[in-house]
Amino acid sequence: MLQQITEDYKNTSLKKIAAKLNYNRNYLSTVFKNITGKSFSTTLTEQRLLKTHELLRTTASPVNKIMTSVGINNKSFFYTQYKKRFGKTPNSDRL
């Protein structure tokens, strides 16, 4: 599951992985949290934020475009989570 999050962070979901592995989504969520100590959604959001951070530092693409390219569509959620994770806003994090 971690590999799936790393490779397909934009399109993956717990529902898709559960269907692919033929497991109940709730069961898989519980197993994931027991093994990693984090929820699936938290882990997926962290991966998306790391990719966003990388793209902000290596491209000139607008923040909105980068945000949607990694699979995050809610702007206020994105800005809140980014600041929580990196301690600054995406715009101030550009090199």
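F78 has a relative accessibility of 0% and therefore counts as buried, where buried means under 20% relative accessible area, exposed over 50% and partly exposed in between (1.4 Å probe, protein chains only). The model is predicted, so local features need pLDDT of at least 70 and side-chain atom pairs pLDDT 80 or more, whereas totals for chains, interfaces and linings use all residues. Residues are numbered from 1 along each chain as its sequence is written, and side-chain values use heavy atoms, with hydrogens and water left out.

Y82 is likewise buried, at a relative accessible area of 0%. Both F78 and Y82 belong to helix 6 (residues 75–86), four residues apart, about one turn of the helix; helices are DSSP runs of H or I with at least four residues, numbered from the N terminus.

Five aromatic pairs are found in the whole structure. Rings of Phe, Tyr and Trp (its six-membered ring) pair if their centres lie within 6.5 Å; planes under 30 degrees apart count as stacked, over 60 as edge-to-face and the rest as tilted. The rings of Y23 and Y27 are stacked, because their centres are 5.7 Å apart and their planes lie at 20 degrees. Y23 counts as partly exposed at 46% relative accessibility, as does Y27 at 45%. The pair F78 and Y82 is tilted, since the ring centres are 5.7 Å apart and the planes stand at 50 degrees. Ring pairs join F78, Y79, Y82 and F86 into a cluster.

Just after helix 3, G37 adopts a positive phi of about 85 degrees.

Methods
Helices (H or I, at least four residues) and strands (E, at least two) are DSSP runs, numbered from the N terminus.
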